[in-house]
Amino acid sequence: MAFKSGHTTALKNNKNQENLHPFPRAENAKEDWALTERPSREEAEEAVRTLLKWIGDDPEREGLIDTPRRVVRAYEDLYKGYREDPTIPLQRTFEEVNGYKDMVLLRDVEFYSACEHHMVPFVGKAHIAYYPANGVVGLSKLARVIDTFARRLQTQESMTSQIIETIETTLAPRGIALMIEAEHMCMSMRGVQKKGVSTVTTCFTGVFEHDAEKQDRFMRLVGER
């Protein structure tokens, strides 16, 4: 999924061109948001009732009567990343940093996502660093980018690439380093049922990609506690 810097500039220059954007702006998101044709809320709730029947329970009993409604509302929060544009948090930078050009590192950014293969959770932490080029971005904005992609059906590998690509094309720093470590419930709850296994993915761009010392420094700082 690519987000081109020129496209972002066009959005800044013309607020009326909302229809050109791949995602509706969060503040203008409507109840019937959709990337493609979207079933109605009633159809979604009926799908939950069907699953409840399929697993062998009665969706009409007292404890489950409101479950379809609750599940649909929960999905709107758990998968809200589909309604968000991950480039928007990165559009404002700060240049008054007294010439600071060294690494900026965020450690232990917690996230919750769901495996696109089994729709069960995987949870973990992301560690991200970058070397500024034309200013720095608010620290919380990087966490927002991570959350936007986490709140979609994902694989950890895809999420890693999507986060890096968005920051690269929007912020254009001199280099980015990203490490994601997570435990996947599809491995611990089902299948081989191996608990506590951590999956680690990494990606380096720019000065990180071509400088082993910078990679080592990033890894060392992530590991220090």
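Which helix holds Arg-73? The legends below start there and then move on to other parts of this predicted model.

**View 1. Arg-73 sits in helix H3.** Helix H3 covers residues 67-78. Arg-73 counts as exposed, because its relative accessibility is 53% and the exposed class begins over 50%. Look also for Arg-41: 32 residues separate it from Arg-73 in sequence, while their C-alpha atoms lie 9.3 Å apart.

**View 2. The largest nonpolar core brings together 29 residues.** Those with the most contacts inside this core are Phe-111, Ile-128, Tyr-130, Leu-142, Ile-163 and Ile-167. Strands S2 (104-115), S3 (121-131), S4 (136-137) and S6 (175-184) are among the elements that give two or more residues to it, and so are helices H4 (139-150), H5 (156-171) and H6 (185-188). As general background, nonpolar side chains in soluble globular proteins tend to be buried together.

**View 3. Here is Ile-128 with its contacts.** Setting aside neighbours within four places in sequence, Ile-128 is in contact with Val-104, Leu-105 and Leu-106, among others. Its contacts also include Leu-142, Ile-146, Ile-163 and Ile-167. Further along the chain, Ile-176, Ala-177, Leu-178 and Phe-218 are in contact with Ile-128 too.

**View 4. A second, separate core has 9 residues.** Among them are Met-103, Ala-129, Tyr-131 and Phe-204.

**View 5. Ser-161 belongs to helix H5.** Is this residue buried or partly exposed? Ser-161 counts as partly exposed, because its relative accessibility is 44%.

Note on methods: Residues numbered from 1 in each chain as written. Predicted model: local features only at pLDDT ≥ 70, side-chain atom pairs only at ≥ 80, totals over all residues. Heavy atoms only, no water. Core = buried A, V, L, I, M, F, W, Y, C linked by side-chain atoms within 4.5 Å. Buried < 20%, exposed > 50% of the residue type's maximum accessible area, 1.4 Å probe, protein only. Helix = DSSP H or I, 4+ residues; strand = E, 2+ residues; numbered from the N terminus. Contact = heavy atoms within 4.5 Å.
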